[in-house]
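Trainee: Please take me through one part of this structure slowly. I would like to look closely at where the ligands sit and at what lies around them.

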Amino acid sequence: MRILLHRADGNTAPWVADFAQALPEAEVVAWKEGEAVAPCDYAVLWSPPAALVPELQHVKAIFLTGAGVDAIMKFNDQLPDVPIIRLGDAGMAVQMAEYVLHAVLGYYRRMPEYEAQARRGEWKQLPQHRKEDFTVGVLGTGVLGMRVVEALRHFGFPVRGWSRSAKSIEGVASFAGMESLDGFLAGSRVLVNMLPLTPETNELLNHARLSRLPKGAYLVNVARGAHIVENDLLELVKSGHIAGATLDVFANEPLPAAHPFWSEPRITITPHVSALTLRTESVQQIAGKMRALARNEPVADVVDRQRGY
Ligand code: NDP
Ligand code: OXD
C-alpha cells in the first residue's frame with residue numbers, strides 16, 4: 001500500500017512515523033512540489049495546493065486530516081470519482097465543546113464587563129443573567145455541533161439547533177431549512193456557527209440575517225470566516241445590536257494586521273484553534289478506515305459530494 005501525504009505546515013516526519021507504526025505494510029510518500037510521485041493507493045491531506053491535485057488521479061480514496069471539506073471541494077470537478085473521507089471527531093468534538101462553552105459561559109456570567117470594570121479598578125456587582133433569557137442557537141448539528149449541543153444542555157442552557165434535514169433531538173428546539181432560519185435567529189441570544197462552508201452557507205450571516213438576532217445578542221464563529229459578511233458584523237457590533245463576538249475563523253487567515261476586528265474590543269479573536277487536529281487519534285482513525293476499505297467494508301464520514309459536506 002502506498003500513501004501520498006501532504007501537510008501544509010511541512011511537518012511531515014511525525015505523520016510518516018505514526019503511519020509507519022499503524023500500517024507497517026504501507027509506504028508513506030511525503031509530497032514535494034516538482035518531485036515525480038509513483039501512483040499511490042490513498043492520499044492523506046487537508047488543504048492541498050493546486051499542483052498536488054493531478055497526483056490524485058489514481059488514488060482509491062482521499063482522506064482529510066480535518067473535519068471541514070471546503071478546501072478540497074473547491075477542486076471537486078478535478079478529483080477522481082473516489083470517496084473523500086473527512087475526520088469524524090477524532091478528538092475534535094470535545095475541543096469544540098470546550099471552546100464554545102468557554103465563550104458562552106463568559107458572556108452569560110458577564111466576564112467581558114467584569115474584565116472592563118477591573119481594568120478601571122471598579123468594584124460593582126452586575127445583575128445576573130437568567131438562563132431562560134440565554135437561549136443558544138447552534139447552526140449545524142453535525143458531528144461537532146452535536147457535542148456542543150450536549151455540553152450546553154449539561155449546563156442548563158435552552159438550546160435550539162438548525163440543520164438542513166429535520167431532526168428530533170431530546171431537549172432541543174430543532175429548526176430545519178432556510179425557511180425556518182429567521183425564526184431560529186430571532187430566538188437565539190447567543191448564535192454559535194458550526195456549519196460547513198458550501199455555496200448555500202457562504203456569506204449566510206449577512207446584515208439582514210444578523211439583524212434578526214435579538215438586540216444584545218452574542219456570536220461565536222468556529223466554522224469558517226466566509227460564513228459571515230465581516231463588515232456587516234462589524235457594523236452591528238459597533239451599533240451595539242451585537243454585544244460581542246468570539247471569532248476563531250476569518251475570511252482571510254491569518255487575519256491581516258490592518259483588519260478592523262483587531263481594534264474592536266467587543267470582538268475576541270483566536271487563530272483557528274477551536275478544534276485542532278490531533279495526530280495520534282487522526283492517524284489511528286484513518287489507518288482503521290484504510291484497513292476497512294481494503295476488506296471492502298463501508299467506512300464512516302464519507303463526504304457527500306453533491307451536498308458539498
Ligand atoms: P458536519 O458535516 O458533521 O455537520 C454539518 C451540519 O450543518 C449538519 O447538521 C448539516 O445539516 C448542517 N448544514 C449543512 N448545510 C446546511 C444548510 N444549507 N442549511 C442548514 N444546515 C446545514 O460538520 P461538523 O460538525 O463535523 O463540522 C462543522 C464545521 O466545523 C466544519 O465544516 C468546519 O468548517 C468547522 N471546523 C472548524 C474547526 C476549527 O478549528 N475552527 C475545526 C473543525 C471543524 P444535516 O444534519 O441536515 O446534514
Ligand atoms: C477543520 C479545521 O475543518 O481545522 O478540521 O478547520
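Mentor: Start with Leu144: a polar backbone atom of Leu144 is 2.9 Å from an oxygen atom of ligand 1. That is a polar contact, meaning a pair of N or O atoms within 3.5 Å; within protein, one must be able to donate a hydrogen and the other to accept it, and residues adjacent in sequence count only if both atoms are side-chain atoms.

A word on the source: this is a predicted model, where local features need pLDDT of at least 70, side-chain atom pairs count only at pLDDT 80 or more, and totals for chains, interfaces and linings use all residues. Residues are numbered from 1 along each chain as its sequence is written, chains are lettered from A and ligands numbered from 1 in the order in which they are written, and side-chain values use heavy atoms, with hydrogens and water left out.

Stay with ligand 1. A backbone N or O atom of Gly142 lies 3.3 Å from an oxygen atom of this ligand. For Ala275, a backbone N or O atom is 3.2 Å from an oxygen atom of ligand 1. Taken alone, ligand 1 exposes 940 Å², and the protein buries 93% of that. Such accessible areas come from the Shrake-Rupley method with a 1.4 Å probe; for residues, only the protein chains shown count as cover.

Now the shell. There are 31 residues around ligand 1, and Arg86, Leu144, Ser165, Lys167 and Tyr309 come nearest. A residue counts as near if one of its heavy atoms lies within 4 Å of the molecule or strand. The shell divides into 14 nonpolar, ten polar and seven charged residues. Here Ala, Val, Leu, Ile, Met, Phe, Trp, Tyr, Cys and Pro count as nonpolar, Asp, Glu, Lys and Arg as charged, and the others, Gly among them, as polar.

Which elements supply the shell? α3 (92-108), α5 and β7 each give at least two residues. The largest share, three residues, comes from α5. Helices (H or I, at least four residues) and strands (E, at least two) are DSSP runs, numbered from the N terminus.

Follow α5 to the sheet. Helix α5 (residues 143-154) packs on it, touching β6 (136-139), β7 (159-163) and β8. Contact means heavy atoms within 4.5 Å. The direction of α5 makes about 170 degrees with that of β6. Axes are lines fitted to C-alpha atoms, for helices over the stretch in contact, and angles run from 0 to 180 degrees between N-to-C directions.

The sheet is open and has seven strands, in the order β8-β7-β6-β9-β10-β11-β12, with parallel pairing. Two strands pair if DSSP finds at least two bridges between them. The edge strands are β8 (172-176) and β12 (267-269), and each pairs on one side only.

Last, ligand 2. Trp46, Gly66, Ala67, Gly68, Met92, Arg224 and His272 surround this ligand. Three are nonpolar, three polar and one charged. A polar backbone atom of Ala67 is 2.7 Å from an oxygen atom of ligand 2. For Gly68, the distance from a polar backbone atom to an oxygen atom of ligand 2 is 2.6 Å. His272 uses its side chain: a polar atom there lies 2.6 Å from an oxygen atom of ligand 2. On its own, ligand 2 has 210 Å² of accessible area, and the protein covers 86% of it.
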